[in-house]
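Thanks for passing this one along for a second look.

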Amino acid sequence: MNWTFLYQTLILVLHGIPMTLFLTEVSLLFSVPLAFGIALVRKNNVAVLDKICAAYVSFIRGTPVILQIYVIYNIVPSILAVLFEMWGIDYPVYEINPVIYAIIIFSLSTSATMSEVIRSALATVDKGQYEAAVTIGLSGRQAYFRIVFPQALVAAVPNLCTLVVNLIKSTSLAFAMTVQDITAIAKIEAASGYNYIEAYLDIFIVYLVLCSAVEQIFKLVECRLKRYKSATI
Amino acid sequence: MLRFNTEIFWESFPQLLRYLPITFEMIFLSLLLGVILSLALVVMKLGKRKALRKFSNGYTTVIRCTPSIVLLFLVYYGLPKVVARFGVNIDEWNKLFFVVLTYALMSAGGLSEVMRSSYEAIPRGQTEAALSAGLTRLQTLRRIVLPQAFVVALPNLGNTVISILKNGALAYTIGFADMMGKATRIIAKRYTTYALETYVALAIIYWVICILIEQIIKFGEQRLEKRKIKAAKEGIG
């Protein structure tokens with residue numbers, strides 16, 4: 001075991017944390033509206049769109065993330081090139097920052113799982129709650145935002161926690177797009193000095209700390225949200 | 001221009017499907033080893049020893065927080081060096097060994113939780129009733145608790161298989177020759193032209209396998225559910 005290398009790489013790897021967190025945050029941000037859209041379409045059984053969304057969710061959940069990365073990383077530049085040509089935009093497609101592709105992929109793949117989380121969370125709230133809220137004079141919007149969503153959120157928190165942790169874990173695949181995140185830095189360092197164990201132990205610890213922190217935060221949120229729970233009984 | 005060579009796309013299927021048995025072998029062995037490991041973990045979780053309980057819960061947390069690619073690299077690059085200290089050389093071992101070990105370790109964490117929760121889902125009264133009816137502890141476990149716990153665990157078991165299948169695609173990074181490994185090699189051989197066609201074909205294969213696994217699990221669930229209802233009607237359940 002090369003301790004100095006272990007320490008030096010750990011410092012280097014720490015510089016990758018902002019990128020990992022950035023990818024996670026931005027992907028989450030984009031996937032929330034997308035997931036809500038899919039969940040509502042599927043909940044209300046909108047014709048045709050409903051089937052498309054179901055197929056989309058099934059496809060994303062049925063394929064490895066690494067393959068999604070390769071497919072999108074190969075297909076989006078060509079589509080953009082065609083579009084740019086059509087619209088007469090003069091922009092070098094192949095010089096787009098790979099971080100953007102990473103965000104597209106992780107948003108798409110997270111939105112599929114998140115739509116399922118939202119759907120199952122909404123299903124836990126009894127229909128009577130909405131009906132009762134409307135009967136006592138709340139508008140549909142108010143009923144959703146004040147009565148249904150807060151209760152659904154309580155049910156969704158544990159699943160959301162898993163989702164965020166899984167997202168952080170899957171951002172480790174961004175190295176396939178040459179994005180410089182934690183894993184990519186460790187891989188480069190490991191290969192240059194043949195110190196594989198040290199480098200991978202470093203990121204093992206970094207991911208452990210990151211994900212544990214996320215889990216702790218969610219636990220706090222869950223405790224705080226429990227006060228809504230008394231309403232469900 | 002947007003180009004998609006359909007001929008190469010269709011050609012990819014037989015080429016890739018030839019490696020499907022290796023993928024299945026990997027999943028089966030990982031699941032088998034994973035189940036064995038998780039049995040040990042679940043015994044610790046339900047046991048009385050506090051240290052063992054802490055260890056197995058800690059294991060689950062650590063695994064849940066580790067990206068599978070990091071675990072794969074740790075096992076593949078780390079394990080040979082660790083055992084080399086004890087004078088054992090496993091550098092030349094089949095890559096399947098490392099892949100299976102990785103995904104067994106990975107799935108054991110989640111599986112032990114699945115097993116624990118499904119074991120706890122069976123009311124204690126059932127065990128007590130069986131014991132007072134004269135069954136031994138082992139009989140109670142084998143005939144009363146486990147068959148019911150299995151029904152509860154089945155959907156999650158299906159998810160575990162799917163997650164091994166999907167994460168298993170990463171095994172190509174250590175040079176394991178499964179479908180994904182073959183795909184990367186086909187693409188490299190063609191100097192990365194027609195990469196999209198091959199990847200899309202592979203994605204479809206994975207998708208179909210996942211749907212099949214889901215359907216099998218759903219079918220199994222319905223069968224078991226039906227049997228349960230029938231048993232209840234006849235007054236056995």
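**Notes on the model**

1. Chain A exposes about 12,000 Å², with carbon and sulfur atoms supplying 67% of it; accessible areas come from the Shrake-Rupley method with a 1.4 Å probe, and for residues only the protein chains shown count as cover. Please keep in mind that this is a predicted model, where local features need pLDDT of at least 70, side-chain atom pairs count only at pLDDT 80 or more, and totals for chains, interfaces and linings use all residues. Residues are numbered from 1 along each chain as its sequence is written, chains are lettered from A and ligands numbered from 1 in the order in which they are written, and side-chain values use heavy atoms, with hydrogens and water left out.

2. On the fold, chain A has nine helices and zero strands, helices (H or I, at least four residues) and strands (E, at least two) being DSSP runs numbered from the N terminus. The C-alpha trace of chain A spans about 70 × 50 × 30 Å along its principal axes. Of its 233 residues, 46% count as buried; buried means under 20% relative accessible area, exposed over 50%, and partly exposed in between (1.4 Å probe, protein chains only). Among contacts (heavy atoms within 4.5 Å) in chain A with a separation of 6 or more, 79% come from residues 24 or more positions apart.

3. Asn45(A) has a positive phi, near 50°, and Val48(A) has one near 60°, though neither residue is glycine. Asn45(A) is exposed at 54% relative accessibility, and Val48(A) is exposed at 60%.

4. Is Thr183(A) buried or exposed? Thr183(A), in helix α8 (residues 182–193) of chain A, is buried, at 0% relative accessibility. Beyond its neighbours within four places in sequence, Thr183(A) is in contact with Ser172(A), Phe175(A), Ile203(A) and Tyr207(A).

5. In one of them, Glu116(A) meets Arg42(A) at 3.0 Å, N to O. Glu116(A) lies in helix α5 (residues 98–124) and Arg42(A) in helix α2 of chain A, so this pair ties together parts 74 residues apart in sequence. Arg42(A) is buried, with a relative accessible area of 17%.

6. Glu116(A) also forms a salt bridge with Arg61(A), their closest N and O atoms being 3.2 Å apart. Here the link runs from helix α3 to helix α5 of chain A, across 55 residues. Arg61(A) is partly exposed, at 36% relative accessible area. Arg42(A), Arg61(A) and Glu116(A) are joined with Arg119(A) in a network of salt bridges.

7. Over in chain B, the side chains of Arg124(B) and Glu128(B) form a salt bridge at 3.7 Å, N to O. These residues are separated by about one helical turn because they are four residues apart in helix α6 (residues 124–132) of chain B. Arg124(B) is exposed at 61% relative accessibility, while Glu128(B) is partly exposed at 46%.

8. Last, the surface of chain B. Phe28(B), Leu29(B), Leu32(B), Leu33(B), Ile36(B) and Leu37(B) make a nonpolar patch of about 510 Å²; patches are made of residues with over 30% relative accessible area and no salt bridge, like charges being joined within 9 Å and nonpolar side chains (Val, Leu, Ile, Met, Phe, Trp, Tyr) within 5 Å. Phe28(B) sits in helix α2 (residues 20–46) of chain B and is exposed, with a relative accessible area of 55%.

How values were computed:
Salt bridge = Lys/Arg side-chain N within 4 Å of Asp/Glu carboxyl O.
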